[in-house]
Amino acid sequence: MHCCWCGEAAAARPCESCGHDPLLGGRYRLDARLGAGATGTTWRALDTATGATRLVKEVPLARLPDAKTRELVRREARVLEQLDHPAIPRGLGSYEVGEGRGRAFFFVREYVPGRTLAEEAAARRFSVDEILDVAGELLDILAWLHGLAPPVLHRDLKPANVVRDPDGRLHLIDFGAARDAVVDPDLGGSTVAGTFGYMAPEQFMGEADARTDLYGLGALLVALLTRREPRELVEGPRLDWRRHVAVSEPVADSLARLLDPDPDRRFPDARTAR
């Protein structure tokens, strides 16, 4: 295991390197690094209280430039703890560990085994029927999120944020850009969040509503159909996707409506799009 305080391999409690309890919250054993990025590390962990596998995100707070960015990181933990849907991994708690520049924020969520749609798309082509199945499942999840009071907006739909489990069911992950569709007093106004190419035009102005997630879904479907990142297809305010896909006119018309730069010309909500 790895110590949650110093990151070194630890064979016992306390940690031989730093003298602290290596288990996160005295409970979660960090067993393997699953990935590392500019802002942090993702771990596969064992819940020693239940024996279940969990996923833990570690974000060193010193890497984040300001309080607003730190609040965005903490938001994902809060959002996931409040959601209860079989296609969304449940948040199981958060912790802050360490001191000074070594202080890090950890949050724990359910572990979803499987492959992301990005990994699938790198290995094979999706048929149009498969694309429609993906759209249907994700629209059901979005309809549930948007039907909450207040609605929850994901704001970062992309193939890397959708996992297919061994039974074939899709799960929506990574709620780091999520927000309630109301004024956010913690952040002092609107924020820009998302991934370029998948972001609706209004997201660049810090604005978002349910139709913003529908644009993200359209971009996700185009990415699966073309096996290209939407940022490569950006021309002005639009994605130039039509000449890169071979689909029926009804499917093309639906994609065009999802991806209209004007949110008023998109489907009004996920249920209508479904």
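This briefing describes the nonpolar cores, a nonpolar surface patch and the salt bridges of the structure above. The structure is a predicted model, and a search of the whole of it finds 23 salt bridges. Its largest nonpolar core holds 56 residues, and apart from this core lies another one, of eleven residues.

**Nonpolar cores**

- Within the largest nonpolar core, the residues that touch the most other members are Val134, Leu145, Phe175, Leu220, Leu221 and Trp241.
- Two or more residues of this core come from each of several elements, namely helix 1 (67-82), strand 5 (104-110), helix 2 (117-123), helix 3 (128-146), strand 9 (170-172), helix 4 (210-226), helix 5 (249-258) and helix 6 (270-273).
- Helix 4 gives the largest share of the core, contributing ten residues.
- If residues up to four places away in sequence are not counted, Val134 touches Leu117, Phe126, Arg164, Leu170, Leu220, Leu221 and Leu224.

- Phe196, Phe204 and Val234 together make a nonpolar surface patch of about 260 Å².
- One of these residues, Phe196, is found in the loop that runs between strand 10 (179-180) and helix 4.
- Phe196 counts as partly exposed because its relative accessibility is 44%, a value that falls between the limits of 20% for buried and 50% for exposed.

**Salt bridges**

- Side chains of opposite charge can pair when their charged atoms come close.
- Glu130 and Arg124 form a salt bridge in which the closest N and O atoms are 3.1 Å apart.
- Glu130 counts as partly exposed because its relative accessibility is 27%, and Arg124 is also placed in the partly exposed class because its value is 29%.
- Both of these residues belong to a network of salt bridges that links Glu120, Arg124, Glu130 and Arg164, and Arg164 is also among the residues that Val134 touches.
- Asp47 and Arg54 meet through their side chains in a salt bridge, with a distance of 3.9 Å from N to O, and both of these residues are buried.
- Lys158 and Asp156 form a further salt bridge, with their closest N and O atoms 3.9 Å apart, and here too both Lys158 and Asp156 are buried.

Note on methods. Residues are numbered from 1 along each chain as its sequence is written. This is a predicted model: local features need pLDDT of at least 70, side-chain atom pairs count only at pLDDT 80 or more; totals for chains, interfaces and linings use all residues. Side-chain values use heavy atoms; hydrogens and water are left out. A nonpolar core is a set of buried Ala, Val, Leu, Ile, Met, Phe, Trp, Tyr and Cys residues joined through side-chain atoms within 4.5 Å. Buried means under 20% relative accessible area, exposed over 50%, partly exposed in between (1.4 Å probe, protein chains only). Helices (H or I, at least four residues) and strands (E, at least two) are DSSP runs, numbered from the N terminus. Contact means heavy atoms within 4.5 Å. Patches are made of residues with over 30% relative accessible area and no salt bridge: like charges are joined within 9 Å, nonpolar side chains (Val, Leu, Ile, Met, Phe, Trp, Tyr) within 5 Å. Accessible areas come from the Shrake-Rupley method with a 1.4 Å probe; for residues, only the protein chains shown count as cover. A salt bridge is a side-chain nitrogen of Lys or Arg within 4 Å of a carboxyl oxygen of Asp or Glu.
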